[in-house]
Amino acid sequence: MLYDAYEMQRSLLAGASKLAGLGAGWLNNPTNPWGYSSMGPLVAASLEVFAHASAPRGKPEFGIFETKAGRRSVAVDEDIVLRKPFGQLKYFRKVDGESGRPLLIVAPMSGHYATLLRGTVERLLPDHDIYITDWRDAKCVPLKDGSFDLDDYIDYLIDFLELIGERTGERPHLLAVCQPAVPAFAATALMAAAKNRWRPKTLSMMGGPIDTRQAPTAINTLATQRPHAWFQQNVIATVPMIYPGAGRKVYPGFLQLAGFMTMNLGSHLISHWEMFKHLVVGDEEGADATRKFYDEYRSVCDMTAEFYLQTVDSVFQRHLLPKGELMHRGARVDPAAIHDTALLAIEGERDDISGLGQTKAALDIATKVPASKKKYFMASDVGHYGIFNGRKWRERIAPVVEKFIAAND
C-alpha cells in the first residue's frame, strides 16, 4: 500500500508540475502584459520553483563527452563492458587518448544513481582509466533475475576487478565512496586471502561506515535504536505492477530521499528560497545551480530489501567488519589478510552521515598493512557530499587521492 500511495501522489504532482510550468512560461512570455505587472515575476518564480520541485525524475545521464589528455582535449565515450542483473560496469573510454592507471570507482547503492559521482569521475578522468559501478534500480529488475544482498554486492566487485585486471593486465586501483567502503574492503580482504592476482593495488575509502560505533550520526542512531524487525515492517515495500520488478520487496528510493531531506530540511528550504529570489530578478544562471543539484539529488532508485536489511544488520547494528566477524558465503572476512594493498581513508570534518573516525577505522583493523602504505586525510570544513563533489573535492581532496594512487602504483 505504501508504494501504491506514493505512485498516486507522484502522478498527481506530475500533472500539477506540468500545469505550473505552463503557467510560469505564460507569465514569462515577453508578449504577455501580465508578466510586466508588479506581481508577475513573483507568481512566475513561485510556479517555476513548484514545477521543478514536484517534477518526476528518471535516471540522469553522466554527460561526460570530453576530458583533458595533457594539454589537449579528447573525446570520451561511455562503454558498458559487463552487464549483470543488478548492475553494470561502465567504462569511460578516451578516444585517441593515452591510457592511464585503471581505477574502479564504486558508487553507493544507497538510493541515488551512480551519476551522483559525476564530479568525481570528471576530476579523476584525465589521469586514469575510469570504470564505475552503475547500479540498477531494483524496481526495474524482474523477479526471475533472483535476489541481491551484501554477499552479491561483494561478488560483483570481485568480478568487476577481475575483468578490469584481465582487460588491462594490471592490478586495478579501487575507490569506494560512502556506503560501499564496507563491501570494497571486504572484497579486497577476500581477494588477498585467495591470493587473487587482480586484488587492488590501492583502496581509497571516502566517508564510509567501516565502524559506525565511532562518532555516531543521526543515521547511525536510528539504526541502533530500533530492532531489525522494525525496519522490515516499516520501510520495506512491494514494487507495484506498473514496473518490471513487480512483486519485488524493496527499500524505496523515495523513502531514502525523504529521510535525507528531513535531516537538513532548513538548508533545503533556504536553497529553494534562494532559487526563488534568483528567478524573480531574472538571474537564470544562479537558479540553474540549484536546479542542477536537485535534478540529481531527487533522482532516486530502489534497493533490494535483502541488501538493505543485511546492511543495516551487519554494518550499523552488529558492526561485524571491525569486530572481525563479517561472513561472506560461509567464509570469514579477515581484515588482516590485506597486506599489499595500500589504504587511504578520507573523512569530512562536517560529515553528518559518516562521522569522524568511522572510515579511519579501516586503517586500524588492517593490521598487516605497513604504516608506510596507510594514509589518513581529514578534509576541514567539508560535509558528506563535499568529499566527492564540488570545489573542495576538486581542489583539496582529489589531489590527495591522485598522489596516493601514483605513489603506490
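In this predicted model, His384 is found in the loop that connects strand E14 (374-379) and helix H14 (391-407). The largest nonpolar core comprises 93 residues, and helices H4 and H11 pack against each other with their axes 8 Å apart.

**His384 and its surroundings**
- His384 has a relative accessible area of 6%, and it is therefore buried, the cut-off being under 20%.
- A polar contact of 2.9 Å joins the side chain of His384 to the side chain of Asp351.
- Leaving aside residues up to four places away in sequence, His384 touches Asp351, Asp352, Ile353 and Ser354, as well as Cys178 and Gly207.

**Nonpolar cores**
- Within the largest nonpolar core, the residues with the most contacts are Phe185 and Ile210.
- Phe185 touches Ile210 itself, along with Leu203, Met205, Leu321, Pro335, Ile338, Leu343, Ala362, Ile365 and Ala366, again not counting residues up to four places away in sequence.

**Packing of helices H4 and H11**
- Helix H4 spans residues 150-168 and helix H11 spans residues 305-317; the angle between them is about 95 degrees.
- H4 and H11 are therefore roughly perpendicular to each other, since angles of 65 to 115 degrees count as such.
- On the H4 side, the contact involves Leu150, Asp151 and Tyr153, which meet Phe307, Gln310, Thr311 and Ser314 in H11.
- By class, this contact of H4 with H11 consists of three nonpolar, three polar and one charged residues.

Terms used
Residues are numbered from 1 along each chain as its sequence is written. This is a predicted model: local features need pLDDT of at least 70, side-chain atom pairs count only at pLDDT 80 or more; totals for chains, interfaces and linings use all residues. Side-chain values use heavy atoms; hydrogens and water are left out. Axes are lines fitted to C-alpha atoms, for helices over the stretch in contact, and angles run from 0 to 180 degrees between N-to-C directions. Helices (H or I, at least four residues) and strands (E, at least two) are DSSP runs, numbered from the N terminus. Angles under 35 degrees count as roughly parallel, over 145 as roughly antiparallel, 65 to 115 as roughly perpendicular and the rest as oblique. Contact means heavy atoms within 4.5 Å. Ala, Val, Leu, Ile, Met, Phe, Trp, Tyr, Cys and Pro count as nonpolar, Asp, Glu, Lys and Arg as charged, and the others, Gly among them, as polar. A nonpolar core is a set of buried Ala, Val, Leu, Ile, Met, Phe, Trp, Tyr and Cys residues joined through side-chain atoms within 4.5 Å. Buried means under 20% relative accessible area, exposed over 50%, partly exposed in between (1.4 Å probe, protein chains only). A polar contact is a pair of N or O atoms within 3.5 Å; within protein, one must be able to donate a hydrogen and the other to accept it, and residues adjacent in sequence count only if both atoms are side-chain atoms.
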